Amino acid sequence: IAGLIFFILGVFTANAKVSNPALVEFRLQCEKASTQCLEMNLPDADEKILLEKEPRLTLQHVARAEYVVYQNSKEMRAKYPGMAAEQYNVLLYLTPQGRDILADITEKNMGKRLAILIRGKLIMAPTIREQITEGIMQIVGGYGGVSSQDLKELASEINSLVSKNTP
């Protein structure tokens, strides 16, 4: 999958509370403090990030989720010490509207971070390095205590909610 690959580093509690947290949200980094931004702690870092209060993408932009497990080769594990034998993933397939929004966000915001929040908690905030036009986002787990079961449940819950909201 070309574009951003999101690495889940663990579920961490943020300083700021998100009111009415959604299952999954994507928020863009703010350049400077304002009333339209909120401050949160970055996972696994002694660093804070300013995020837009309003999400750019939400569950309504997700068409379906797929749980996938990849086997990492011995060569890859030797090259990257600490890499798990298995890599747990959730692929998020966006709706056509979600795909267009993501392509626009990633085209116009190179170098900024796009944060992923699950149930109001900041999971990760990778830097946008290139435009993503395929409409598929990958959440990679297996690090920082995020289990295979956590990701299975996330994919299942997303699919359940999406199917209830699909006519």
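This is a predicted model: local features need pLDDT of at least 70, side-chain atom pairs count only at pLDDT 80 or more; totals for chains, interfaces and linings use all residues.
The protein chain has 167 residues, and 44% of them count as buried. Its secondary structure comes to three helices and 10 strands. Along the sequence these elements follow the pattern β-β-β-β-β-β-α-β-α-β-β-β-α. Among contacts in the protein chain with a separation of 6 or more, 69% are between residues 24 or more positions apart.

One part of the strand content is an open sheet of four strands, in the order 5-2-8-9 and with antiparallel pairing. Strand 5 (57–58) and strand 9 (121–124) are its edge strands, each pairing on one side only. Strand 9 runs antiparallel to strand 8, to which it is joined by three bridges. Within this pairing, I116 stands opposite M124 of strand 9.

Another pairing involves strand 7 (residues 86–94) and strand 10, which run antiparallel and are joined by five bridges. Here Y93 stands opposite I136 in strand 10. Strand 10 spans residues 136–140 and is mostly covered, with four of its five residues buried. In a regular strand, side chains alternate between the two faces of the sheet.

Q138 is a polar residue to look at in this setting; Q138 is found in strand 10. Is Q138 buried or exposed? Its relative accessible area is 8%, which is under the 20% limit, so Q138 counts as buried. The side chain of Q138 makes a polar contact with the side chain of N89, at 2.8 Å.

Helix 3 covers residues 148–164. From its first C-alpha to its last, the 17 residues of helix 3 reach 25 Å, close to the 24 Å expected at 1.5 Å a residue. The buried residues of helix 3 are S148, L151, L154, A155, I158 and V162. Why do they fall on the same side of helix 3? They cover an arc of only 130 degrees around the axis, and therefore lie on the same side. What covers the buried residues of helix 3 includes strand 6 (62–71), strand 7 and strand 8 (114–118).

Leaving aside residues up to four places away in sequence, E157 touches L23 and R119. The C-alpha atoms of E157 and A65 are separated by 9.0 Å, although the two residues are 92 residues apart along the chain.

The remaining feature is a covalent link. A disulfide is a covalent bond between the sulfur atoms of two cysteines. The structure holds one disulfide. C30 and C37 form it, with their sulfur atoms 2.1 Å apart. Which hand does the disulfide of C30 and C37 have? The torsion about the S-S bond is about -105 degrees, so the disulfide is left-handed. Both of its cysteines, C30 and C37, are buried.

Note on methods:
Residues are numbered from 1 along each chain as its sequence is written. Side-chain values use heavy atoms; hydrogens and water are left out. Buried means under 20% relative accessible area, exposed over 50%, partly exposed in between (1.4 Å probe, protein chains only). Helices (H or I, at least four residues) and strands (E, at least two) are DSSP runs, numbered from the N terminus. Two strands pair if DSSP finds at least two bridges between them. A disulfide is a pair of cysteine sulfur atoms within 2.5 Å. A polar contact is a pair of N or O atoms within 3.5 Å; within protein, one must be able to donate a hydrogen and the other to accept it, and residues adjacent in sequence count only if both atoms are side-chain atoms. The expected span of a helix is 1.5 Å times one less than its number of residues. The arc is that of the directions from the helix axis to the C-beta atoms. Contact means heavy atoms within 4.5 Å.
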